[in-house]
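Q: Hey, I'm new to this one. Can you walk me through it?
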Amino acid sequence: MKPKVLIVENSWTMRETLRLLLSGEFDCTVAADGETGLAHALAQPPDVLLSDVNMEGIDGYELCRRVRAEPALAHLPVMFVSGYPPRSELEPGQPQPDAYLVKPVKPPYLIAQLHAVLQRARGATAKAAGEG
């Protein structure tokens, strides 16, 4: 069974490009904004959330914060793909993505990073289950 990826991207072209690129190895769902992405994640939790950063309304950082605040999604790995570098002025304690890639990203690298984030998340979940 393919891992489920929720792609949250406000650009239709980029959203569809990512969906087509990743659909060979991942079961992809798409959302055009952070609000819709959060609703999708709550309704059908994915294995990983792939989000743009600069979006109207809920941007990627706020989406990450809200995801991590939801008990059902707190474990969900979040990866950002953005045309901008990571923000340096984040408040201490603000949730960070598990990975941050700056566009343009070579497709094999993006896919490898998604698998790495999923692998780390599975390891953390297994470790937590073993300790409990």
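Q: How many helices and strands are there in the protein chain?
A: The protein chain has four helices and five strands. Helices (H or I, at least four residues) and strands (E, at least two) are DSSP runs, numbered from the N terminus. This is a predicted model: local features need pLDDT of at least 70, side-chain atom pairs count only at pLDDT 80 or more, and totals for chains, interfaces and linings use all residues. Residues are numbered from 1 along each chain as its sequence is written, and side-chain values use heavy atoms, with hydrogens and water left out.

Q: What pattern does the chain follow along the sequence?
A: Reading along, the pattern is β-α-β-α-β-α-β-β-α. The radius of gyration of the protein chain is 14 Å, close to the 14 Å that the globule rule gives for 132 residues, so the chain is as compact as a globular protein of that length. That radius is taken over C-alpha atoms, and the globule rule is 2.2 Å times the number of residues to the power 0.38.

Q: What does the C-alpha trace span along its principal axes?
A: About 45 × 35 × 25 Å.

Q: OK, the inside. Which residues have the most contacts inside the largest nonpolar core?
A: Those are Val-8, Leu-49, Leu-63, Val-67 and Phe-80, in a core of 18 residues. A nonpolar core is a set of buried Ala, Val, Leu, Ile, Met, Phe, Trp, Tyr and Cys residues joined through side-chain atoms within 4.5 Å. Buried means under 20% relative accessible area, exposed over 50%, partly exposed in between (1.4 Å probe, protein chains only).

Q: Which elements give two or more residues to this core?
A: They are β1 (4-8), α2 (34-43), α3 (60-69) and β4 (78-82). The most comes from α3, with four residues. Apart from this core lies another, of 17 residues, including Ile-7 and Leu-110.

Q: And what does Leu-49 touch?
A: Not counting residues up to four places away in sequence, Leu-49 touches several residues, among them Leu-6, Leu-76 and Met-79. Contact here means heavy atoms within 4.5 Å.

Q: Switching topic: where does Gly-83 lie?
A: Gly-83 is in the loop between β4 and β5 (99-102).

Q: Last one: what share of the chain is buried?
A: Buried residues make up 40% of the 132 residues.
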